[in-house]
Amino acid sequence: MADHGTMTAAADTLLISQSAVAGAINALEHAFGAQLTIRRKAHGVALTAAGRYVLDRAKGLLHAATDLELHAADAGAELRGSLTLGCYGTLAPTVLAALIDNYSRRHPYVDLDFFVGPQSDVQEGLKSGTLDLAIAYDLSLPNGLRGQRLFDTTPAIVLAADHPLASHPTLGLEDVADEPMILLDVNPSRENTMMMFSSAGLDPNIRDCPQFC
């Protein structure tokens with residue numbers, strides 16, 4: 001009725017009688033204990049201030065009910081919401097781009113954000129709740145964090161093209177232990193490298209330890 005201006009027009013739209021529309025309005029006014037309309041012959045029906053308030057709230061409730069129905073219908077079928085992913089800096093170039101692309105295509109309704117940094121910052125983000133989950137090395141993880149193994153990696157060594165060992169298809173730690181080595185002096189990269197050499201009974205020839213940047 002409020003959208004049509006007259007009870008006759010509202011009744012025609014709803015395919016009911018004019019008396020049914022009038023009866024419904026009377027019932028609402030009785031239920032709310034307030035006058036919702038001003039009815040004038042030949043001038044249609046106008047809403048009072050209370051009527052406009054009830055109309056606005058009713059439209060809001062109907063919209064919320066429709067939204068709730070839509071979300072309930074696909075609950076469990078489509079993930080929705082926000083997700084913040086952390087990633088240890090040296091892993092990001094090889095795993096993060098492909099992961100974000102794949103996840104965004106599989107779950108288009110999730111607002112995915114990410115943080116890349118040192119493992120200590122990633123762990124702190126997990127503990128503080130600013131990160132929902134993270135990809136990192138499973139070394140020196142603090143208590144309270146639960147991990148899921150994703151994949152194993154094989155260490156690689158980078159050599160100059162004219163280095164005598166560059167032509168070898170595979171190399172062992174014993175082959176490179178005496179070679180001058182650059183070590184990323186940030187955990188867990190440093191810890192992982194030293195642990196590999198120690199397990200093999202070897203001491204690497206560390207010549208430089210650049211800081212993470």
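User: A salt bridge is a side-chain nitrogen of Lys or Arg within 4 Å of a carboxyl oxygen of Asp or Glu. At what N to O distance do the side chains of Asp152 and Arg149 meet?

Analyst: The model is predicted, and the distance is computed from its atoms. Asp152 and Arg149 are both exposed. The pair counts as a salt bridge because the cut-off is 4 Å and the N to O distance between Asp152 and Arg149 is 2.7 Å.

User: How many salt bridges does a search of the whole structure find?

Analyst: Asp152 and Arg149 form one of them. Another joins Lys127 and Glu124 at 3.8 Å, N to O, and Asp101 meets Arg105 in a further one at 3.2 Å. For the whole structure, the number of salt bridges found is three.

User: Which helix holds both Lys127 and Glu124?

Analyst: The two residues are three apart, about one turn of the helix. Glu124 has a relative accessible area of 43%, so this residue is partly exposed. The helix that holds both, residues 119-128, is H5.

User: Is Arg105 buried or exposed?

Analyst: Arg105 lies in helix H4, four residues from Asp101. Asp101 has 42% relative accessibility and therefore counts as partly exposed. Exposed means over 50%. With 57% relative accessibility, Arg105 counts as exposed.

User: In which sense do strands S3 and S4 pair?

Analyst: S3 covers residues 81-88 and S4 covers residues 110-117. Tyr88 stands opposite Gly117 in S4. The chain passes from S3 through H4 to S4 in a right-handed β-α-β crossover. Over eight bridges, the sense of the S3 and S4 pairing is parallel.

User: What arc do the buried residues Ser189, Thr193 and Phe197 cover around the axis of H7?

Analyst: Helix H7 spans residues 189-199, and these three residues in the helix are buried. They lie on the same side of H7, because the arc they cover around the axis is only 60°.

User: Which strands do the buried residues of H7 pack against?

Analyst: The face of H7 turned away from the buried side carries the exposed residues Ser198 and Ser199. The buried residues of H7 pack against helix H6 (173-176). They also pack against two strands, S3 and S6.

User: Which residue with a positive phi follows H7?

Analyst: H7 ends at residue 199. The phi in question is near 70°, and the residue is Gly201.

User: Which residue's backbone nitrogen does the side chain of Glu29 reach?

Analyst: Glu29 is in helix H2, residues 18-32. The relative accessible area of Glu29 is 16%, so the residue is buried. Leaving aside neighbours within four places in sequence, contacts of Glu29 include Ala34, Gln35, Leu36 and Arg39. At 3.1 Å, the side chain of Glu29 reaches the backbone nitrogen of Thr37.

User: What share of the residues in the chain is buried?

Analyst: The chain has seven helices and seven strands, and from the N terminus on the elements run α-α-β-β-α-β-α-β-α-β-α-β-α-β. Among contacts between residues at least 6 apart in sequence, 54% join residues at least 24 apart. Of the 213 residues in the chain, the buried share is 22%.

Definitions and conventions
Residues numbered from 1 in each chain as written. Predicted model: local features only at pLDDT ≥ 70, side-chain atom pairs only at ≥ 80, totals over all residues. Heavy atoms only, no water. Buried < 20%, exposed > 50% of the residue type's maximum accessible area, 1.4 Å probe, protein only. Pairing = 2+ DSSP bridges. Right-handed = clockwise from strand over helix to strand, strands pointing away. Arc of directions from axis to C-beta. Contact = heavy atoms within 4.5 Å. Polar contact = N/O pair within 3.5 Å; in protein donor to acceptor, adjacent residues only side chain to side chain.
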